[in-house]
Amino acid sequence: MKNLNWKSLLSIVVIAFILLYPWLGASSYNKHLFILFFIWSIVAANWNLMMGYAGINSLGNIGFMAIGGYTAGILAKSFGVPAFLTVPLAGLVTSVIVTVALGLPALRLSGIYIALLTLIFADSLPSVLTQTRDITGGAMGLHEIPPFYPGMDKTGAYYICFVFFLIVLWIIYRVIHSSTGMAFIALRDSENFAYCLGVNKFKERLKVFALSSLLTGAAGAVYVHALGDISPTTLGIEPFLLTIAMIELGGVGTFLGPILGAFVIVFGNEFLRLAGTLRLTLLGALICTIILFYPGGVIQFITALEHRVEALLKRKTSPAA
Amino acid sequence: MFAVQDISKSFGKLVALSNVSFEVEEKEIFGIAGPNGAGKSTLFNVISGIYAPTSGKIFFEGKDITNAKPDQICRLGIARTFQIPTAFHTLSVYDNLRVGAIFGARRPQSADEVLELLGLQEVRNRPARNLDLYTTKLVMLGAALATDCKLLMLDEPMAGLSMVEIQNFLEIVQRINQEKGITIIIIEHLLDVLISLTKRMLILSDGQVLYLGASSGVAEDRRVVEVYLGGKGGSHAHR
């Protein structure tokens, strides 16, 4: 009970800080970093929902984000669709394309074969983009994508992304604690018993696949409206590895892990720009160090810290008692 | 209501079951016995869809369920427990029952009914990993019951239990059968227990039907006595 209190208290303080931050003299640059943090948290959290909870070893989630981003960008630029429509539409388009073309076959496979198929899918997207230069801009990408509303400034984008961030995390939290979430725990604890009690693994996984791709696609749409452009570099190796690192670093299969991981990676990645070409090396070293001592990621580190503080408090109070 | 016809199952060259046939009547308690390695658990795995049979057919309420998946078989009304205690150890007792209620029965309230039926209210919120063997077996039984099954298959449910616990468990099995009208197939090692619990039984040996018929006739059957009860004894060596 005591632990629960300090955790929810800290969450409230953090949320309050994020809400007030633009009034506390946040620079445009820092607001930009927070926008990146919100969006990459969502991508990482959905990826973690697939990998950490549903056991779907997808490596294609950046591809889902790109499909959503491009869909929204094309709808807004070429067809003048307003942003409040492009975001849900991009989510739906991504979910339908990805679930039908990739999910249905991939989820019949297991383990590494799911990883291979989804990786191939994401890897094929840049060539699709070059082939469809007329509408996607090819290697140049899409630029000057209309913002959420005309005349939007960084503060506006900041709040819209923050609200989106809260909504998506709330949905993920509900999924983890739903009957679908329970089915995955049951499958992990005792697979055959779960089957014999009526759990259909394929169906439950397909649900998660469709939902994660929808939310990831929508995150791609929010990304392009908040930042204004998207190009095939999004599909490069760096965003892919950094997002995987967010999940691993934060803690696979935990609700808060990917969010903490996204925080460390997004801000770490920016502050390490001072280090120039050494940036990724230093970031990699940081990740390796944390994983070396805490294989469960930042979440495990926090739990260990919590136990140590509790033990200290106990020692202090025990002579009095 | 339930029939197995000429079921065979081979794993490569190993023949685990060959031409096993039997029928179970509605609301019956049907027993299955046999020495270790006779194929009893393989038979359950074939019936519940975990293994596909090499040949033969299985019918439930007139439907051919031979090639159905485990979750489909469950929703048709066949539930089972496992020989090894396999409750979902990180879930609470109540959530264990809910898995069966939500996915098997599509009727969440059946979890509450089973909780009461088996008297598990006191351990409702305890994680299943913190339970003793007897309670773990009750939870496994409860999850199966929560699927609203018409046929319940119990794989050596009393293994490892004390005499008192065996008595309690038997009473529960009989109550489920009489009050809820659930047909039961039970695998049991202890022949005496099975003879007193069932009217008819099947004895397997090396994957083949050794005996099929009235439980009261088991002790007098020379082949059963020879194969199942140790071989060297005389015709009355059933202890």
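**Exercise 1. Work out how α8(A) and α3(B) pack, and which residues do the touching.**

Step 1: get the geometry. α8(A) and helix α3 (residues 93–105) of chain B pack at an angle of about 115°, and their axes are 10 Å apart. Axes here are lines fitted to C-alpha atoms, for helices over the stretch in contact, with angles running from 0 to 180 degrees between N-to-C directions.

Step 2: name the arrangement. That angle makes α8(A) roughly perpendicular to α3(B). The classes are: under 35 degrees roughly parallel, over 145 roughly antiparallel, 65 to 115 roughly perpendicular, and the rest oblique.

Step 3: find the hand. α8(A) passes α3(B) in a left-handed crossing, meaning that the near helix is turned anticlockwise from the far one by less than a right angle (clockwise would be right-handed).

Step 4: list the residues. From α8(A) come Ser179(A), Met182(A), Ala183(A) and Ala186(A), and they meet Asp95(B), Arg98(B), Val99(B), Ile102(B) and Phe103(B) of α3(B). Contact means C-beta atoms, placed from the backbone, within 7 Å. By class, this contact has six nonpolar, one polar and two charged residues. Ala, Val, Leu, Ile, Met, Phe, Trp, Tyr, Cys and Pro count as nonpolar, Asp, Glu, Lys and Arg as charged, and the others, Gly among them, as polar.

A note before you go on: this is a predicted model, where local features need pLDDT of at least 70 and side-chain atom pairs count only at pLDDT 80 or more, while totals for chains, interfaces and linings use all residues. Residues are numbered from 1 along each chain as its sequence is written, and chains are lettered from A and ligands numbered from 1 in the order in which they are written.

**Exercise 2. Describe what chain A brings to its contact with chain B.**

Step 1: count. The contact takes 16 residues from chain A and 23 residues from chain B.

Step 2: find the helices. On the chain A side, α8 (179–189) and α9 (191–196) each supply at least two residues, and α8(A) gives the most, with six. Helices (H or I, at least four residues) and strands (E, at least two) are DSSP runs, numbered from the N terminus.

Step 3: sort by class. The chain A side divides into ten nonpolar, five polar and one charged.

**Exercise 3. Now characterise a helix pair inside chain A: α2(A) and α10(A).**

Step 1: the axes of α2(A) and helix α10 (residues 201–227) of chain A come within 9 Å and cross at roughly 165°. The two helices are therefore roughly antiparallel to each other, and their crossing is left-handed.

Step 2: check who meets whom. Ile35(A), Ile39(A), Ile42(A), Val43(A), Asn46(A), Leu49(A) and Met50(A) in α2(A) face Val208(A), Phe209(A), Ser212(A), Leu215(A), Thr216(A), Ala219(A), Val222(A), Tyr223(A) and Ala226(A) in α10(A). That contact has 13 nonpolar, three polar and no charged residues.

**Exercise 4. Check the length of α11(A), then find its buried residues and what covers them.**

Step 1: α11 covers residues 237–250 of chain A, and at 1.5 Å a residue its 14 residues should span 20 Å. The expected span is 1.5 Å times one less than the number of residues. The end C-alpha atoms are 20 Å apart, which agrees.

Step 2: the buried residues are Leu242(A), Thr243(A), Ala245(A), Met246(A), Ile247(A), Glu248(A), Leu249(A) and Gly250(A). Buried means 20 or more other C-beta atoms within 10 Å of the residue's own, exposed means 12 or fewer, and partly exposed is in between, with C-beta atoms placed from the backbone.

Step 3: their cover includes α2 (28–53), α3 (61–79), α12 (257–271), α13 (279–293) and α14 (297–317) of chain A.

Step 4: look just past the end. Gly251(A) follows α11(A), and its phi is positive, near 135°.

**Exercise 5. Is Lys316(A) buried or exposed?**

Step 1: Lys316(A) is found in helix α14 of chain A.

Step 2: Lys316(A) has 9 C-beta neighbours inside 10 Å, so it counts as exposed.

Step 3: compare with the buried residues of α14(A). Gly297(A), Val298(A) and Ile299(A) are buried, and the buried residues of this helix pack against α11, α12 and α13 of chain A.

Technical notes: Two residues are in contact if their C-beta atoms, placed from the backbone, lie within 7 Å.
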